[in-house]
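Hello,

Here is the structure I promised to hand over. My notes follow below it.

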Amino acid sequence: MRVATDVGGTFTDLVCVEETGIRIAKSDTTPPNFEQGVLKVVDKADIELPAIEDFVHGTTVVINALLSRRGAKTGLITTRGFRDVLEIARGNRPDLFNLAFDKPAPFVPRYLRQEITERLDYLGRVIEAPKLEELALIIDGFKADGVEAVAIALLHSYVNPDHELAVERRVRELWPDVSIISSHAICGEWREYERTSTVVLSAYVHPIAKGYLASLDDQMGARGLSSKPLIMRSNGGVATVDGARNDPISMVESGPASGMLGAAALGRQIGEPNLIALDIGGTTAKTALIEDAAVKITTNYKIEWDRANPGYPIRTPVVDLVEIGNGGGSIAWVDDGGRLHVGPQSAGALPGPAAYGRGGTNITTTDANLMLGRINPALFLGGLQKPNWDNVNAAFAALEKELGESKDDIARGIIRIANANMINALKLVSLNKGYDPRDFALIAFGGGGAMHAVALAEELMTPKVIIPVNSSVFSAWGMLMCDLRRDFLKTDVKLFSPETAGAVETAFKDLEDHARTVSLKEGMPEDKLRMERFADMRYAGQEHTVKVALPCKAFDAQTIGQFADEFHRAHKREYTFELDAPIELVNVHIVVFADIDKKPLPERTVTGRTVDETHKGARIIDFDEAGIHEAHEYDLGGLEPGMLITGPAVIEDATTTLVISPGKRAEMDAYGNIHFEMVG
Amino acid sequence: MAIGDEMFEAMARSSMSPIIYEVLDYSVGLTTKDGELIAQGNGTTVFLGMIDALVKEIIAKFGTADAIQDGDVFISNDPYFGTHLSDVAIAKPIFFEEQLVGFAVNKAHWVDVGGMVPGSFTPSSTEIYQEGLQIPTMKVMEGGRLLQSVLDLIAANIRLPRDSLGDFWAGVAANNVGAERLMKLYEKYGLDAMDAAMAGLLDYGEATIAAELKKLPKGVFEAEDWMDDDGHSDDPLRVCVKVEITEDRFTVDFTGSAPQALGPINHGRTALVAAVRTIFKALTNPQISSNGGCFRALEVICPERTIFTAERPAPVSTYWETMLYAEDLIWKAMSEHLPDRLTAGHLLSVCAFILSGSHPETGEDVILVTPLVGGWGAMANRDGLNGQFSVADGETYNIPVEIQEARYGVRIKQYAFHNEDGGEGKYRGGKGVYLDYEMLCDSASLGGSFGRFKFPPWGAAGGNTGSPNYVELIRKDTSSNVRELYGKPAQVKIQKGDIIRCVTATGGGWGNPHERAQADLENDIKNGFVTPEQAARYYHQEVAAE
């Protein structure tokens, strides 16, 4: 038996895969003691811990500590002359015309940013050795000020970590029990602000993450779990507990990553390797492009970043996705110029949409879907509660007055705008990166994915839509499809040419050796280890880089030309042009995998039931431009492989609603996934 | 109704494609076929007004003879329709069903466009011909075919053609993305609906701003200030503004400001309009996506041939000093009347400099061009921001120390906030920085323009004036006690081992320093933002050092 638990903002989900099929369960998330919710959902699903072969766990504990500012009091040690780098940041002001702009405050105030005399040059050569004797005073000060975690960020440590290591050793001698992280250990890239920010945020969450992982490990062990938990990372892989503890910030985006990874794995199984994945939740929608059944990874990640805020960079490998403030709870509002907007403000779970009747006075996307008949009132909130129509009508009345339009028109408008926002995000990951959506299938999951997917695919012109089985807990299932994975990136700028092939090969080999050592130390099994090579490359003289997958064959003067062609092609796709200019290698990127024995989706049982037997009734649904129709209702739970349903129709259960517009056909595959052919 | 809103969202975002980043400044935008701005994505504020001005120039020059065709790409760096020669604009006409429907445009700073000094700006020029290659508005692609001879001519006249031609192709690519997304909208909605939507969008911009305008204080507001000098004489130059706000008009009048100068602090009328648009947007609605309709209530008055309205062949390469004064004058006139939107005076100058020398490891020629961060003014309820770029910039990023050292072969000794006197107040001005470069190559040359060297940022509501921007040279071998300070260094020779200290301003304070809360001052001292000695001198408070 393999079990995944996914701690989300509102619910903790569980998916259990056995020979006999899949079991799922949901329970409330229990901040700040998240492990309580995990134990509860395990109990609820009636799972015997000793029977579990793999227990995979995804948690929001890291992002939650960051966003709520409940991390450890952190002290920072920098090169002399550079303690203000963290506060100067990059000096940018995304909210260009707002002269009252407020710059984000640094996570470490100035008096806890201390400097040590030392210096390397950009080639890593020693200009001045660290004066370690200065540390005693700094550490005394940190202790007196109640510091709980220490971050070390010295210039050029990405080239040569010796000075950071020396400082770290001395700090450990002076203060053996403090949390301490050096920048080179978690980020091998240049740009001192980004690396400093990454190590500061890592140190800030380190004590909490350590405590959480230890507690989870202990409590699961005490209840009979025989294997060590595997921890979901933002890079679409899982880590050993030791691996996650050493690099806690790598858990920062684990939830969204697992959904995208699940989509890639499902695509591999059902022969759809090229996908645009869309996860619509309560507050946000997330989308990523999957090519050849692989997600793309970036280290260009920031928290609290949006069109008006520079945010805080974290250079950790994260699945490359676009997230927008558009989910079921997104609020519809009218601006001073009389225009209707949806989101990014969300009503969340509390007060929630107006129809929840929990004090919400704003119309949300969910309310609009309800108004148009797309959500079945009888199945509202899992069928546990009737929609509060008085509340919905009162909230609509305010918009009717402001806009001078009917409720139905406004509801249609809300859905169109919500869809336009999502289309924009879908284009950002596809068209804007040089991919044609017509070459991809749209796979949609999360609470709202199935409801919007067909309309989005029509506009995006993807030929196919896939709604995976158990789509509302798809992210948790995705965790069970992940392998152990650790990414290693290192900036090592050199020409990528036949003359430099030897040096390029050495750069890759060196990082591979380092990657192997670290991975084995963190408990990845040696017999299953495999590596992949990537490179961030650019034209000499340009800033922007393109990530290129390279085969794991040695570079030499003959082969390097082919690899250069890969770069030209990738650059042309992403930026529409190629140059006749020398190519530079900027970052060497090694991915270490250790394969886990995963169980594919089991086939769904066929009993020979007919489509008519799953027919529950009919209701009126507003399909906007496709008209208002009576739509047949089918029970998703009763559907069987091979069944074909033609719109206008709706397939639904307590957690999922698939809206099928007139003339569109939906068919269930052998595993229980629903496919829509969009042609015709 | 809903379709209009949906298109609005899509159009407003379709230009947001910052393909070029980590360059000094860039902007991308879409206009109607008549050159009305539909949407603009900005890296900087200075180009607000440049996109539409360029398209109108293209239409005037090529439109009548039916010479605008599908597949054309236009290029221009005419500074009198823009900023300075370093900013190169690329424009692509967009066709739907063989009809011209709009233009995609971008403008970006190239590191060098030729001229008398590497980096192409210097305080010492006296005419445009010294400032680089002039590219009048012309075609560089025709019907989809590259005019290679045009590119060859450009490449032969600039110092780092490889870098700049990469920027050129990135600009072409950015336009392609914007054009493609506009095309998709035309395919979905058709010609008539799109025309109507665009007109509606402009009206919406106008209506939104009109509503905001009604909320502004009414009356006549005036300000004057002094600019350091024109780089050729030591005389300060007076600039002034009269702002008149009524229920539906916002009129600014710069009459009385200094005449066109000998040195390159001038700029053309387009830059003046862009400056006024920027501050007007800040006063009304900073968040709305800019379009032509937003500025219909705006009127800009200024006589011909002032430093704000210079004409060919006046030099313009350090135009930002003057352009930012135009904004800052309105800012100063209005700050105490709009305390929730405006701060006291900020560093103002972009503080851009050019360091040209050779890389000590590779021997290659290198040109380091970068703007600097500094202090912003305090507000009525908080301290000023530390270490931010001037209002001219926005999505502009400083160049990391590690990248500067690797690429340019300099060594940076410190990048840190300073404690120079200035900016005291109930709320303090934000901190400027010391950025110290040690030169490792045998010889190098420094140029640049650090305005507000003699006239630091203004305080508001009784707050103190900030500290100045300047460059200090700390020579390795010197016996002199006289400090070597510059506001406008021009081709200053640097020897190996010399230290160039770039210093940016502390912003102006807000309110009487004596009213600063004791707890805030204690915090300042703990964090090293105010010394105990400064606390006693300016704040009249005794605070024990830790």
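Domain bounds here come from an automatic or database domain assignment. The model is predicted: local features need pLDDT of at least 70, side-chain atom pairs count only at pLDDT 80 or more, and totals for chains, interfaces and linings use all residues. Residues are numbered from 1 along each chain as its sequence is written, with chains lettered from A and ligands numbered from 1 in the order in which they are written.

Chain B first. Its assignment gives domain 1 (2-208) and domain 2 (343-515). Their C-alpha centres lie 32 Å apart. Domain 1 of chain B puts 19 residues into the contact, and domain 2 of chain B puts in 17. Contact between two residues requires C-beta atoms, placed from the backbone, within 7 Å. The side of domain 1 of chain B that touches domain 2 has eight nonpolar, seven polar and four charged residues. For these classes, Ala, Val, Leu, Ile, Met, Phe, Trp, Tyr, Cys and Pro count as nonpolar, Asp, Glu, Lys and Arg as charged, and the others, Gly among them, as polar.

Now the sheet in chain B. Four strands make an open, antiparallel sheet, in the order β13-β12-β16-β19. Helices (H or I, at least four residues) and strands (E, at least two) are DSSP runs, numbered from the N terminus. Strands pair if DSSP finds at least two bridges between them. At the edges are β13 (365-370) and β19 (492-495) of chain B, each pairing on one side only. β12 (352-358) and β16 (443-449) of chain B pair over five bridges, in the antiparallel sense. Within that pair, Phe353(B) is opposite Gly448(B).

Next, chain A against chain B. The contact takes 55 residues from chain A and 64 from chain B. On the chain A side, α3 (85-88), α7 (192-222) and α12 (407-429) each supply at least two residues. α12(A) gives the most, with eight residues. By class, this side of chain A has 24 nonpolar, 14 polar and 17 charged residues.

Last, chain A itself. It divides into domain 1 (2-67 + 210-254), domain 2 (74-206) and domain 3 (484-594). The C-alpha centres of domains 1 and 3 of chain A lie 33 Å apart. Their contact takes ten residues from domain 1 of chain A and seven from domain 3 of chain A. On the domain 1 side, β12 (238-239) and α8 (241-246) of chain A give two or more residues. α8(A) has the largest share, three residues. That side divides into two nonpolar, six polar and two charged residues.

Best wishes
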